[in-house]
Amino acid sequence: IFNKIKYPVIIAGKAPHESIVQQAAKCGNIKLIPNPDNEEMDRIISDAHISVLYTFQDTGMKLKLLASLHCSRHCIANSQMVKNTGLEELCSIRDSGEEIINEINFLMKRPFETSDVEHRKIILSVDYSNAENAEKLKLISYL
């Protein structure tokens, strides 16, 4: 779908499939970064105006979802990515290629506001705060 948008795209991840490498090479707007180290991946995520997250498996919490919600701006995810996470309201949930393209075109024109950051912090602090969860573990260990 990324060859159908006019914006620059970075695809980053571990051991990309050869078909992705070949398709990315054909598209002038796509830069593929295979096997970035943690520091580079963190930079890519924090620099992104939109993170697009897609999975075919709904097997538990995806760390890339949490990383994007903590460090990125807009997040587009498919239903499987957010299923049973409680984080649905923090993402634009789009499942088809056409829906994702339309949402990218919409969000590229929309700034990520301070109110968006504050809302996200509130939601994430409920179940996904390292500090809060460490305190809970500390309390459990005293019992």
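This is a predicted model: local features need pLDDT of at least 70, side-chain atom pairs count only at pLDDT 80 or more; totals for chains, interfaces and linings use all residues.
Residues are numbered from 1 along each chain as its sequence is written, and side-chain values use heavy atoms, with hydrogens and water left out. Helices (H or I, at least four residues) and strands (E, at least two) are DSSP runs, numbered from the N terminus.

Helix α5 spans residues 97-107, and I100, I101, E103, I104 and L107 are buried in it; buried means under 20% relative accessible area, exposed over 50%, and partly exposed in between (1.4 Å probe, protein chains only). Seen down the axis of α5, the buried residues fall within an arc of 165°, so they line one face of the helix. The arc is that of the directions from the helix axis to the C-beta atoms. On the other side of α5, E98 and F106 are exposed.

The strands β3, β4 and β5 form an open sheet in that order, with parallel pairing; two strands pair if DSSP finds at least two bridges between them. The edge strands, β3 (50-53) and β5 (92-93), each pair on one side only. Four bridges join β3 to β4 (residues 74-77) in the parallel sense, and V52 stands opposite I76 in β4.

Elsewhere, β1 (residues 9-13) and β2 (residues 30-34) pair in the parallel sense over five bridges. The bridge partner of G13 is P34 in β2.
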